[in-house]
There are 4 protein chains.
Amino acid sequence: MPVPKSNLYPDFNIVRLSHVEFMVTDLAASKAFYADTLGLQISYEDSETVFLRALEERNHHCIILRKGQKAEANVLGFKVYDEQDLDKAEIYFKEKGLPTEWIERPHQGRTLRTQDLHGIPLEFYARMNQLDPIHQQYKLYKGVRPLRIDHFNCFSTNVDESVAFYNDLGFRVTEYTEDEESKKLWAAWMHRKGGVHDMAFTNGRGPRLHHTAFWVPNPLAIIDLLDLMSTTGYLENIERGPGRHGISNAFFLYIRDPDGHRIEIYCSDYMTVDPDLEPIKWDLKDPQRQTLWGAPAPRSWFEEGTTFANTEISDSQLAAQPIVAP
Amino acid sequence: MPVPKSNLYPDFNIVRLSHVEFMVTDLAASKAFYADTLGLQISYEDSETVFLRALEERNHHCIILRKGQKAEANVLGFKVYDEQDLDKAEIYFKEKGLPTEWIERPHQGRTLRTQDLHGIPLEFYARMNQLDPIHQQYKLYKGVRPLRIDHFNCFSTNVDESVAFYNDLGFRVTEYTEDEESKKLWAAWMHRKGGVHDMAFTNGRGPRLHHTAFWVPNPLAIIDLLDLMSTTGYLENIERGPGRHGISNAFFLYIRDPDGHRIEIYCSDYMTVDPDLEPIKWDLKDPQRQTLWGAPAPRSWFEEGTTFANTEISDSQLAAQPIVAP
Amino acid sequence: MPVPKSNLYPDFNIVRLSHVEFMVTDLAASKAFYADTLGLQISYEDSETVFLRALEERNHHCIILRKGQKAEANVLGFKVYDEQDLDKAEIYFKEKGLPTEWIERPHQGRTLRTQDLHGIPLEFYARMNQLDPIHQQYKLYKGVRPLRIDHFNCFSTNVDESVAFYNDLGFRVTEYTEDEESKKLWAAWMHRKGGVHDMAFTNGRGPRLHHTAFWVPNPLAIIDLLDLMSTTGYLENIERGPGRHGISNAFFLYIRDPDGHRIEIYCSDYMTVDPDLEPIKWDLKDPQRQTLWGAPAPRSWFEEGTTFANTEISDSQLAAQPIVAP
Amino acid sequence: MPVPKSNLYPDFNIVRLSHVEFMVTDLAASKAFYADTLGLQISYEDSETVFLRALEERNHHCIILRKGQKAEANVLGFKVYDEQDLDKAEIYFKEKGLPTEWIERPHQGRTLRTQDLHGIPLEFYARMNQLDPIHQQYKLYKGVRPLRIDHFNCFSTNVDESVAFYNDLGFRVTEYTEDEESKKLWAAWMHRKGGVHDMAFTNGRGPRLHHTAFWVPNPLAIIDLLDLMSTTGYLENIERGPGRHGISNAFFLYIRDPDGHRIEIYCSDYMTVDPDLEPIKWDLKDPQRQTLWGAPAPRSWFEEGTTFANTEISDSQLAAQPIVAP
């Protein structure tokens, strides 16, 4: 079995994924997408950056848009349980021979910047500025009513290696696909916060960010977003869905922001807090793994992604092929 | 403009579409589909036939399944306002040189059998056996919770001719697509009962029945059906959707029954009772006309349909081509 | 049986209810309620009036707010099939000894003003200015997403008389409650356009307007409105609901506008176009008739209503009492 | 401030609430309620007991129905992280002078029985028999589609004491109400698993179980249950709702089982995994705290509850009064 036994006692406690920072080439266009269309709430903005949070969040931001020449992802951010966990994290990553650095990040406390084994830039912090709750300010609810950031999904050239690395950090595998011939992992979904995933890996040229997902209240919110996007000039930004995933059982939609960064809108997965939860294995040839209703993903979904700044990428060696819509 | 001015004063009053009779090759399999999976209610059954009604209907049946060798549609049934309308109908169709016949139909009153100009078999009646209301027997609600039959859509080799014929019967065009070069109609949606359509015509080899639609309470019912069908052996029966139509603005799903008869699950269109409602015209090249969200229909959706018993079919002469998913 | 046999052949054809005109004491406050909160669309406004339509309507208006000293309803408007029907209407009402008058109404064609047997002011027209369809301008969808005006419900001192009058106009009874002792009607629901009702009557001091209803896409729209109203200063405007009606089976909510005019938000009733639809009778003592889920209506719901301008009111003689929440 | 600072480092790790055992006087009636009506899945049954689980759970049971003379709750069950936590739990409770006992429990591993400071019977275990996932067996979805057990809410004669006790166990307060005069807690909501609560306490005669809640996919599931219960003989079992809570922001319904045990159906609260989440305080006089939409709870909701077997109860000393519906 290619999935490692869950590490129930990691060296330090990562609570959950926290935020992503995107370089965007047209800040106004991105703001129109994330704030006006999706309905994320602006917590701070200036001529170079827009910080946004989702409707039930009190953390200052879950997504940072930073004006730049090239559309990339700068970092994936994670929240740890307390300040001591940050110090333990520094020791942990140093021991793995990974670069670490303490950096200043606006609206965040002490922040440790590092990277994973394949070069994905990561940052960890314990406390971020807290804002007043707005989850009952219903006049703010619009767009797809995004409630919180839910997960990241990254292309990895070696999913087994990625899984081993994050497993050691305490991320527990909930579902995975395996290539029957090589017995290597094609993809895996791993969680910290009690849903199906905080981080997932999909075989492919990488490392690249495949998508960032937001949780919404129910499937009708996703239908509302499709109606809105398709009639306000965002028809081309709709990439795949809506549908019900096989893996995770969530109801989903994939869209692309003005720079092509992929966003997933997601709801209705299941709770995974039990330490003895057995990972669910899917056959790579099962057409229902991605969409329970059978519709294959378009080629773009398998191939396109966001590069990480200053991070070299390479091709995957795995020969397995997914089922692609023509 | 290829759409004729509505005939607001037809010779006799057709209230609405009423029912369809399908020849099915495996009665048990069809019963499992329509009753157990979709949730239609059986009002009568024997070794040869199953009569079903939808949850808010009091009419004895909206769909008849009849065991046969070949999967076909025997007739499309329509309800008229009163018995005098039946007599007027007989005169009307005779004057058009169309064959008419009074026939015995179980659970229905006096029934006039005839056909439209292209040979689609039609029957008209004024009163059908009434059953007790069950719309508040919520323990019966299952599957996709079908509330009533909503419309028929037929392939026609000459949509202009079909539209002229049904227009004269009082069906009013609500939406249509026109081929810009020839100025001929590609498709048209026509109503009697106050929704977007009772009858629609789509250019193609015909006459054939393209689909029969049922109205459901809301889009979540459609998502429920997809979840159910995809996990109870009906994955291959899901043909297209879910999605939001451009034309009609309805939320839809297309599925195929065990014989391949196409069924649409439909909700959320709009009211059309106003006599001065202007038909909405769509460009045949507009990718949003079929799915507001852009996804093109699969080739099968454009090509496959159900033949009518004892009815010759021929190819359409119209050269216009729709946008087809690869 | 107190319900008259439906008049299937009225003298002239009323298509549907069309609009209501309210006198409002604070035009800005009413506009904030109907446009900003409910989501109706303004088609015209000046310092004295605001005309609004709902999202799938093309008719210029379904509700007129007119600034005045006293909060009243000026008139209930109905659309007829064609101009000849207006002339027939004039003859019809004159023959009943009711006052008739041709009046100028902005944005409407020829309009006949009259009143019903108890003095409810009515106006009839055949054509109203048509606006462009906006039902697919999803960026306009907000509040409770009202799609169209659905019905009026009036207090009547003699429901049997009201029903006889409207029955003669072609309104067909779909449901009713009867007082078992006197065998008199307590309430009745009557339709023209194919839903459960266009006009309903409830025993009480009158004639007064009990409520005006708008149709919305699904129950989640109603939940959204409750969330919005309760957090934007309209908590006190929520009167009753949400719930499922016994009578009509619709999902509902009752709210009061800034002047106390009662509005119902309504969806999911059933189609009634069949001429042979049998009216459903409910026992006045059945606690499930108003709310299938049992919750009785508050006293205000039974007692409060909007008076009609220049219309005398009197008490009902009927002694029957409804079940009232304490 | 009456709410203690969260204990972020409890002696042992309680993962979540797990199950409740009810004594029921009519096992068949209870089974009809929980399995046939609510839609919970039977994992084991014999003549004395029925064990049920919810649709996304793999744990053998979340509710046990045991035939008995008197309708009571026997125990509230909690899952701990590992076997070592059970041993630590034994030490912990012994040190507090509370009785502990190792007991055999069917379908569960080693189980420690004890009680809280006021006598609520508790049991802890690390591993329970795991069943195959059924969350994608959509043909099993019926009733209110309960996905998992969500929380317990208990009456406590001294909420400050209860909160201090569970806080020391690592339950973190998310929301609370305080009596302004005495500064004592009226009620508090406390979590382990990342939602608004696993355990909540409400001032009142106790200790008694106020309710047990199940999480469902969305508000339409709750509307479906109300439609079903009100038309299948369970009208009297509907106690309060549906509505939107102020506290927790969840959409809710309260029902009573055949013995009067109160069940809450609950969805759409918010994620609370962040250690620095500030508790939200509500004023006891705020009518929106219980129902954001304002409707007060009925007297039964404040007064009735389920006693715990073999547990003495007493009255609360707190004089504060909630707002009660007449």
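Chain A can be laid on chain D by a turn of 180° with a shift of 0.0 Å along the axis, giving an RMSD of 0.0 Å. In chain A, the C-alpha of A:N218 is the one nearest the axis, at 3.1 Å. Both copies use the same surface, since 100% of the contact residues of chain A recur in chain D.

Before we go further, a word on the model: it is predicted, with local features needing pLDDT of at least 70 and side-chain atom pairs counting only at pLDDT 80 or more, while totals for chains, interfaces and linings use all residues. Residues are numbered from 1 along each chain as its sequence is written, chains are lettered from A and ligands numbered from 1 in the order in which they are written, and side-chain values use heavy atoms, leaving out hydrogens and water.

## Where chain A meets chain D

This contact takes 40 residues from chain A and 40 residues from chain D, where contact means heavy atoms within 4.5 Å. About 3400 Å² is buried between the two chains, and carbon and sulfur atoms give 49% of that area. Buried area here is the accessible area (1.4 Å probe) that two parts lose on being put together, summed over both. On the chain A side, A:R58, A:Y81 and A:M271 lose the most area to chain D, together 18% of what that side buries.

Six salt bridges are counted between chain A and chain D; a salt bridge is a side-chain nitrogen of Lys or Arg within 4 Å of a carboxyl oxygen of Asp or Glu. One salt bridge joins the side chains of A:R16 and D:D274, at 2.6 Å from N to O.

On the side of chain A that touches chain D, β1 and β17 (280-283) of chain A each supply at least two residues. Such elements are DSSP runs numbered from the N terminus, with helices (H or I) of at least four residues and strands (E) of at least two. By class, this side of chain A has 17 nonpolar, nine polar and 14 charged residues. In this scheme Ala, Val, Leu, Ile, Met, Phe, Trp, Tyr, Cys and Pro are nonpolar, Asp, Glu, Lys and Arg are charged, and the others, Gly among them, are polar.

## Where chain D meets chain C

Chain D superposes on chain C through a rotation of 180° with 0.0 Å of shift along its axis (RMSD 0.0 Å). That is the relation of a two-fold axis. The copies meet through the same surface, because 100% of the interface residues of chain D are also interface residues in chain C.

Here 17 residues of chain D are in contact with 17 residues of chain C. D:I223, D:L235 and D:W293 supply 36% of the area that chain D buries against chain C, more than any other three residues. Two salt bridges cross this interface, including one between D:R244 and C:D227, whose closest N and O atoms are 2.7 Å apart. Both α4 (219-230) and β14 (238-244) of chain D give two or more residues to the side that touches chain C. The most come from α4(D), with six residues. That side of chain D has eleven nonpolar, four polar and two charged residues.

## Inside chain A

The domain assignment of chain A gives domain 1 (14-129) and domain 2 (143-307), with bounds from an automatic or database domain assignment. Their centres, taken over C-alpha atoms, are 20 Å apart. In this contact, 44 residues of domain 1 of chain A meet 43 residues of domain 2 of chain A. One salt bridge is found across the domain interface. The side chains of A:R148 and A:E56 meet in a salt bridge at 3.1 Å, N to O. On the domain 1 side, β1(A) gives the most, with ten residues.

## Buried areas together

| Pair | Buried area | Share from carbon and sulfur atoms |
|---|---|---|
| Domain 1 and domain 2 of chain A | about 3500 Å² | 70% |
| Chain A and chain D | about 3400 Å² | 49% |
| Chain D and chain C | about 1500 Å² | 71% |

How values were computed: Copies are superposed by least squares on the C-alpha atoms of residues with pLDDT of at least 70 in both.
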